[in-house]
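Here are my notes on this entry, as numbered points. Please read them with the structure open.

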Amino acid sequence: MAVQVGTNRRVTMASRPEGFPQESDFTLEEAEAPSAGPGEVLVRTHWLSVDPYQRGRMSTARSYSKGLELGDVITAQAVGEVIESNDSRFEAGDLVLGQLGWQDYAVARGGALRKIPPGIEPQLALHVLGATGLTAYFGLLDVAQPVPGDTVVVSGAGGAVGSVVGQIARIMGCRTVGIAGGADKQEDLRDLYRFNEAIDYKAGDLRAAVKASCPDGVDVYFDNCGGDISAAVHARLNIGARIAICGQVSQYNVERPQPTFHPGFLIVVRARMQGFLVSDYAPRFGEAIPRLARWVMNGDIRYRETVTEGLENAPRAFIGMLNGENRGKALVKT
Ligand SMILES: NC(=O)c1ccc[n+]([C@@H]2O[C@H](COP(=O)([O-])OP(=O)(O)OC[C@H]3O[C@@H](n4cnc5c(N)ncnc54)[C@H](OP(=O)(O)O)[C@@H]3O)[C@@H](O)[C@H]2O)c1
């Protein structure tokens with residue numbers, strides 16, 4: 001017999017944001033909670049992810065994934081508890097990860113859910129042991145391919161992806177330089193994530209700061225931001241540099257993205273620049289997660305979370321994250 005769970009609160013897109021998103025672009029709706037059909041699992045969400053890519057889903061620009069329509073529940077990974085299962089691999093009480101959206105209850109095919117092993121804090125599956133940690137892992141090790149002694153510069157270094165990139169680069173024997181906005185994040189970069197150098201892109205002359213922090217030039221640039229930050233780092237690239245294009249968060253709310261380089265500069269420094277998507281590495285997640293877990297357990301990778309309480313506050317958390325208010329991973333606790 002189907003489990004009755006009552007009302008489902010969900011955050012939907014009320015209007016397509018123009019420029020910087022506003023809270024009025026979102027609505028909190030109530031609907032009847034879904035029930036699990038054949039092969040499906042009903043999940044009560046506990047932790048919701050807040051990510052820059054969600055901004056792209058709200059736009060009509062060409063992307064790697066289908067965008068949201070007005071009235072759709074905001075796409076998000078979430079961690080929750082199985083309430084009812086029509087898939088023999090799951091039972092009530094299991095903690096699972098899935099693309100469940102910003103809502104109290106969601107139904108998913110069993111094959112689209114991943115069980116969270118006991119003994120870890122479940123929300124880590126949304127960041128350091130999940131999408132953002134995996135993005136850092138494959139983007140750095142597979143795309144940028146650092147070698148010991150390299151100077152690795154990371155933009156967005158105080159956030160979920162960037163903080164892990166810096167720490168993996170440190171584990172690999174590289175010299176790490178993090179770029180992030182504001183004094184609090186400089187403290188995180190130096191004291192928590194142990195970057196060799198921290199740069200505040202909001203303070204002073206960025207090009208001069210990159211030059212001073214990278215006296216031997218830049219071998220690897222892990223680019224989360226684009227824009228002026230990238231232009232400043234490009235100016236210091238060494239011959240044979242590798243640039244992993246992970247994200248361009250400085251451009252997500254502008255109408256016309258700002259060009260940051262002329263392709264000729266890749267010839268001058270014989271550099272390789274490559275964009276990547278973490279989802280393309282899904283077949284290899286199994287090799288990365290145990291390694292990330294070991295690094296977290298032995299303290300080689302440290303993390304920080306900015307937790308907003310309440311599903312109804314998810315839009316505020318999202319706008320805050322785009323404004324740089326998050327230190328480490330932005331999460332909502334429902
Ligand atoms: N390729 C992939 O598969 C993949 C997967 C996951 C994430 N990503 C990308 O990775 C990047 C980081 O994602 P995340 O989840 O770790 O987010 P995050 O860094 O935890 O949060 C976003 C951060 O962006 C920074 N930011 C906002 N506006 C900016 C601007 N104009 N200039 C410079 N920085 C700005 C803010 O930090 P400050 O306070 O320092 O400004 C903010 O805290 C994003 O670009 C995202 O799209 C890519």
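**Notes on a helix pair and a cavity**

1. Helix 5 (residues 206–213) packs against helix 6 (residues 227–234). The angle is about 40°, and the axes lie 9 Å apart. Angles under 35 degrees count as roughly parallel and 65 to 115 as roughly perpendicular, so helix 5 is oblique to helix 6. Note that this is a predicted model.

2. Helix 5 passes helix 6 in a right-handed crossing.

3. Which residues make the contact between helix 5 and helix 6? Helix 5 brings Leu 206, Arg 207 and Val 210. Helix 6 answers with Asp 228, Ile 229, Ala 231, Ala 232 and Val 233. By class, the contact has 6 nonpolar residues, no polar ones and 2 charged.

4. The model holds 1 cavity of 30 Å³ or more. The volume of the largest cavity is about 30 Å³.

5. The lining of the largest cavity draws on several parts of the sequence. His 127 and Val 128 take part, as do Ala 160, Ser 163 and Val 164. Tyr 303, Arg 304, Gly 328 and Lys 329 complete the list.

6. Which helix gives the most to this lining? Helix 3 (residues 160–171) does, with 3 residues.

Conventions: Residues numbered from 1 in each chain as written. Predicted model: local features only at pLDDT ≥ 70, side-chain atom pairs only at ≥ 80, totals over all residues. Heavy atoms only, no water. 1 Å grid on protein atoms, 1.4 Å probe; cavity = no way out; pocket = protein on both sides within 12 Å on 5 of 7 lines; lining within 4 Å. Points joined across faces, edges and corners; volume = space filled by probe spheres on them. Helix = DSSP H or I, 4+ residues; strand = E, 2+ residues; numbered from the N terminus. Axes fitted to C-alpha atoms, helices over the stretch in contact; angles between N-to-C directions. Parallel < 35°, antiparallel > 145°, perpendicular 65-115°, else oblique. Left-handed = near helix turned anticlockwise from the far one by under 90°. Contact = heavy atoms within 4.5 Å. Nonpolar A, V, L, I, M, F, W, Y, C, P; charged D, E, K, R; others polar.
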